[in-house]
Amino acid sequence: MSKQFCERLRSFENRILNNLDKITCPTHLSLGAEFVSEAIHENIRKDDWLFSTHRNHAHYFAKGGSEDKLWDEILGLGSGLNGGHAGSQSICDPSINFYASSIVGGAIGIAVGAALACKGTGNLVVSVFGDAATEQGVFWEAISFSVVKQLPILFICENNGLSIDVPIAERQPHKEMRPAAIWMRVVSFGLRTLPGTLDYFPMAFQSARDEPIFMEMKTQREGKHCYFPKPSTKL
């Protein structure tokens, strides 16, 4: 890379903010969580798989994605990553084993299926999602299945505490207005968890090649939940 990962990502996201009159689709920026994707980038291998969310730009770059192809995709151009049809939220790049879904929690079950196919190969699957995805039934079914089958998958929850703009304390079980940590509920399914700090990423990637691992990373979203195309004022 010609730039450090976080600098490269922030430059790309700010480029979107400065060109809202040119984009053709809603975009969910990765600003505020880029350190997680940087750690993924430093530990993931070429033949590993990465399944992402509607907020996926940083994850795509973490897997080695093309800035130019993603930019053209967001502009709705035929030269875009998916011919301008996927927009920002549902991009995929089979050449680098990367897939994203606009549906909250929509890629988690697919990631587990890919992990089942990867079992015994030495490769692993990384499934990244937000805290709101843990409110979907498929999440709990997926982690249960991964434990039963001992699949090579690393679940990473980027917990920014918000679902659109609704705080987690208003959405999830809590005591004295303090929501229970997601990892504490995950443990009850027999899924091994590691502390949500960057120091544990090398261990997480190593361990997840043999057993499912869960990490809850606390992040803070910068800016709005979503940015929409801005009508051009040009004549």
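I started at Leu 81, which is found in the loop between helix H4 (67-74) and E2. I am working on a predicted model, where local features need pLDDT of at least 70, side-chain atom pairs count only at pLDDT 80 or more, and totals for chains, interfaces and linings use all residues. Residues are numbered from 1 along each chain as its sequence is written, and side-chain values use heavy atoms, with hydrogens and water left out. For element names I used DSSP runs numbered from the N terminus: helices are H or I of at least four residues, strands are E of at least two.

**Entry 1: Leu 81**

I looked up its accessibility. Leu 81 counts as buried because its relative accessibility is 15%. The scale is: buried under 20% relative accessible area, exposed over 50%, partly exposed in between, with a 1.4 Å probe and protein chains only. I then checked Lys 69. Leu 81 and Lys 69 are 12 residues apart in sequence, yet 4.7 Å apart in space, C-alpha to C-alpha. I listed contacts next (heavy atoms within 4.5 Å). Beyond its neighbours within four places in sequence, Leu 81 touches Tyr 60, Lys 69, Glu 73, Ile 91, Cys 92 and Asp 93.

**Entry 2: the whole protein**

I stepped back to the overall numbers. I count 8 helices and 11 strands. The C-alpha trace spans about 60 × 45 × 30 Å along its principal axes. The radius of gyration is taken over C-alpha atoms, and the globule rule is 2.2 Å times the number of residues to the power 0.38. The protein has 17 Å; this agrees with a compact globule, because 235 residues would give a value near 18 Å. Of the 235 residues, 50% count as buried. Among contacts between residues at least 6 apart in sequence, 69% join residues at least 24 apart.

I also looked up surface and charge. Accessible areas come from the Shrake-Rupley method with a 1.4 Å probe; for residues, only the protein chains shown count as cover. The protein exposes about 11,100 Å², and carbon and sulfur atoms supply 53% of it. There are 23 positive and 25 negative side chains, and the centres of the two sets lie 1 Å apart. Lys and Arg count as positive, Asp and Glu as negative; His and the chain ends are not counted. Each charge is placed at NZ of Lys, CZ of Arg, CG of Asp or CD of Glu.

**Entry 3: the sheet**

In what order do the strands of the open sheet run? I read E2-E3-E1-E4-E5-E11-E10, 7 strands with mixed pairing. Its edge strands are E2 (92-93) and E10 (192-194), each pairing on one side only. Two strands pair if DSSP finds at least two bridges between them. Strands of a sheet pair through backbone hydrogen bonds, either parallel or antiparallel.

I went through the sheet from E1. Strand E1 (residues 49-52) pairs with E4 in the parallel sense over 3 bridges. Phe 51 stands opposite Ser 127 in E4. On to E5 (residues 153-159): it runs parallel to E4, joined by 6 bridges. There the bridge partner of Ser 127 is Phe 155. Strand E4 (residues 125-130) is largely enclosed by the rest of the structure, because 5 of its 6 residues are buried.

E5 also pairs with E11, in the parallel sense over 6 bridges. Phe 155 stands opposite Phe 214 in E11. Ile 156 stands opposite Met 215. E10 and E11 run parallel and are joined by 3 bridges. In E11, 5 of the 6 residues are buried, so this strand too is largely enclosed by the rest of the structure.

**Entry 4: Ile 213**

I picked Ile 213, in strand E11 (residues 213-218). Buried or exposed? Ile 213 counts as buried because its relative accessibility is 0%. Arg 192 stands opposite Ile 213. The two are 21 residues apart in sequence and 5.2 Å apart in space, C-alpha to C-alpha. Leaving aside neighbours within four places in sequence, Ile 213 has contacts that include Ile 153, Leu 154, Phe 155, Leu 191 and Ala 204.

**Entry 5: positive phi**

Asn 97 is not a glycine, yet has a positive phi of about 60°. Asn 97 lies in the loop between E2 and strand E3 (98-100). At 13% relative accessibility, Asn 97 counts as buried. Gln 150 is also not a glycine, and has a positive phi of about 50°. Gln 150 is in the loop between helix H6 (137-149) and E5. At 35% relative accessibility, Gln 150 counts as partly exposed.
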